[in-house]
Amino acid sequence: MQTVVIGGTGLYTPEQKISNEELVESFNTYVALYNEEHAEAIAAGTVQPLQPSSAEFIEKASGIRSRYVLDREGILDPKRMRPRLPTRANDEPSFMCEMGVVACREALQQAGVGVDGVDGIIVACSNMQRPYPAIAVELQAALGIEGWGYDMNVACASAAFGIQAAADAVRNGSARAVLVVSPEICSGHLNFCDRDSHFIFGDAATAVLVSAADGPPGEGQFEVLGTRLRTVFSNNIRNNRGFLNRSESPGRSEADRLFVQNGRRVFKDVVPMVSELISTHLRDLGIEPHSVRRFYLHQANLAMNEYIARRVLGRDATADDAPVILDEYANTSSAGSVIAFHKHRDDIQRDDIVVLSGFGAGYSAGCVVMRKH
């Protein structure tokens with residue numbers, strides 16, 4: 001069986017950033033304008049008034065303090081409340097391609113691999129900028145890679161699913177190396193007018209180079225010991241935007257075509273599902289949870305990660321056990337666990353075991369177990 005390794009990772013971080021305080025100031029201004037506009041209906045009891053938010057509430061509920069975005073001006077405009085991104089012509093690179101190129105080039109440079117050594121690209125993320133042509137094929141052309149590319153969407157678990165697909169392609173000999181790219185423009189599907197979710201997401205892109213080991217795995221590479229995936233259907237995280245929206249009668253509201261979730265139910269369902277997935281995967285590989293050097297978990301909610309780590313380890317996890325990047329980046333969907341891996345792996349020693357896990361809508365969950373070389 002061909003040994004599969006992760007030789008490099010890359011990260012694109014947008015230049016623009018929004019703090020909780022800035023987001024709350026904009027949101028509360030929107031709330032005041034809304035309540036003023038609907039004052040008569042609110043007084044008559046036919047419309048419920050909107051409630052203001054606070055930076056303290058956001059951090060307590062999620063652990064998030066800030067987020068990077070492609071456009072802060074449109075998001076912070078109380079009369080717009082969404083990013084303002086210029087329409088690009090068909091012969092211009094898409095936003096997702098542009099982000100992905102930066103992340104891919106860093107991953108390739110880190111691995112010391114040229115584009116001529118890559119046979120495939122999988123763009124794995126929660127939202128695609130368009131149905132077709134595939135973003136992966138556009139990215140393949142932009143990088144000058146000969147081979148193949150395709151898009152896949154398994155929400156916040158997409159990167160983990162993409163890594164398994166890439167590892168399978170390497171093992172079966174259909175590719176020498178595959179780039180798994182997660183360009184997440186989460187601000188585009190977020191309802192910034194919703195108090196319960198307007199703070200959740202940020203934008204970023206990651207890339208992971210999955211390849212065959214040329215001889216024994218090299219120093220600095222992470223050997224993929226195993227991957228495991230699981231899906232269970234649920235409507236508790238949903239986005240109803242799709243190509244049939246224009247044909248639906250009656251048409252959906254804009255809020256129904258954006259991210260929605262039942263957060264409490266998601267927490268209750270996903271924590272045991274992911275904990276069991278990671279625990280059984282480690283057990284089947286003959287690895288004791290306490291021997292795992294680090295867990296790179298999906299960066300959605302601090303409390304959720306703490307509960308999952310506690311159930312797997314049988315004790316409270318430290319920041320060193322399970323690094324957190326969502327305080328700075330917020331939830332970047334499938335990119336989050338890879339960002340944590342990218343930023344917190346330099347101190348991993350030879351033969352250390354690490355786990356990367358993404359989970360989210362679907363429900364979907366993926367686990368990648370690796371050993372450092």
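This is a predicted model: local features need pLDDT of at least 70, side-chain atom pairs count only at pLDDT 80 or more; totals for chains, interfaces and linings use all residues.
Who touches whom here? From helix 5 come Met96, Cys97, Gly100, Val101, Cys104 and Arg105. From helix 6 come Ile135, Glu138, Leu139, Ala142 and Leu143. By class, that contact has eight nonpolar residues, one polar and two charged.

Now the sheet. How many strands form it, and in what order? Nine, and the order is 5-4-6-7-1-8-13-12-11. The sheet is open, and its pairing is mixed. Strand 5, at 148-152, and strand 11, at 292-297, stand at the edges. Each has a single partner strand, so one side of each is left without a neighbour in the sheet. On average, neighbouring strands are turned by 25° against each other, direction ignored.

If you want a place to look, Gly120 stands opposite Trp148 in strand 5.

Next, what lies on the sheet? Helix 5 comes back here. It lies across strand 1 (4-12), strand 6 (177-185) and strand 7 (203-212). Helix 5 runs at about 130° to strand 1. Helix 11, residues 335-343, packs on the sheet too. Helix 11 touches strands 1, 6, 7, 8, 11, 12 and 13. Its direction makes about 100° with that of strand 1.

Helix 8 and helix 9, residues 302-313, pack at about 40°, with axes 9 Å apart. This crossing is right-handed. On the helix 8 side, the contact includes Val266, Phe267, Val270 and Ile278. On the helix 9 side, it includes Met304, Tyr307, Ile308 and Arg311. The residues of this contact divide into 13 nonpolar, two polar and one charged.

Salt bridges next. How many does the structure hold? It holds 20. I'll show one of them. Arg228 forms a salt bridge with Asp284, and the closest N and O atoms are 2.9 Å apart. That pair links distant parts of the chain.

Last, the backbone. Most residues other than glycine have a negative phi, and most peptide bonds are trans. Here are some spots to check against that. A cis peptide bond joins Tyr132 and Pro133, with omega about -5°. Pro133 is in the loop between strand 4 and helix 6. The bond from Gly362 to Tyr363 is also cis, with omega near -10°. Tyr363 is in the loop between strand 12 and strand 13. Then there is Ala155. Its phi is near 55°, a positive value in a residue other than glycine. Where is Ala155 found? In the loop between strand 5 and helix 7, which spans 158-171.

That's the tour.

Definitions and conventions
Residues are numbered from 1 along each chain as its sequence is written. Side-chain values use heavy atoms; hydrogens and water are left out. Contact means heavy atoms within 4.5 Å. Helices (H or I, at least four residues) and strands (E, at least two) are DSSP runs, numbered from the N terminus. Ala, Val, Leu, Ile, Met, Phe, Trp, Tyr, Cys and Pro count as nonpolar, Asp, Glu, Lys and Arg as charged, and the others, Gly among them, as polar. Two strands pair if DSSP finds at least two bridges between them. Axes are lines fitted to C-alpha atoms, for helices over the stretch in contact, and angles run from 0 to 180 degrees between N-to-C directions. A salt bridge is a side-chain nitrogen of Lys or Arg within 4 Å of a carboxyl oxygen of Asp or Glu. A crossing is left-handed if the near helix is turned anticlockwise from the far one by less than a right angle, and right-handed if clockwise.
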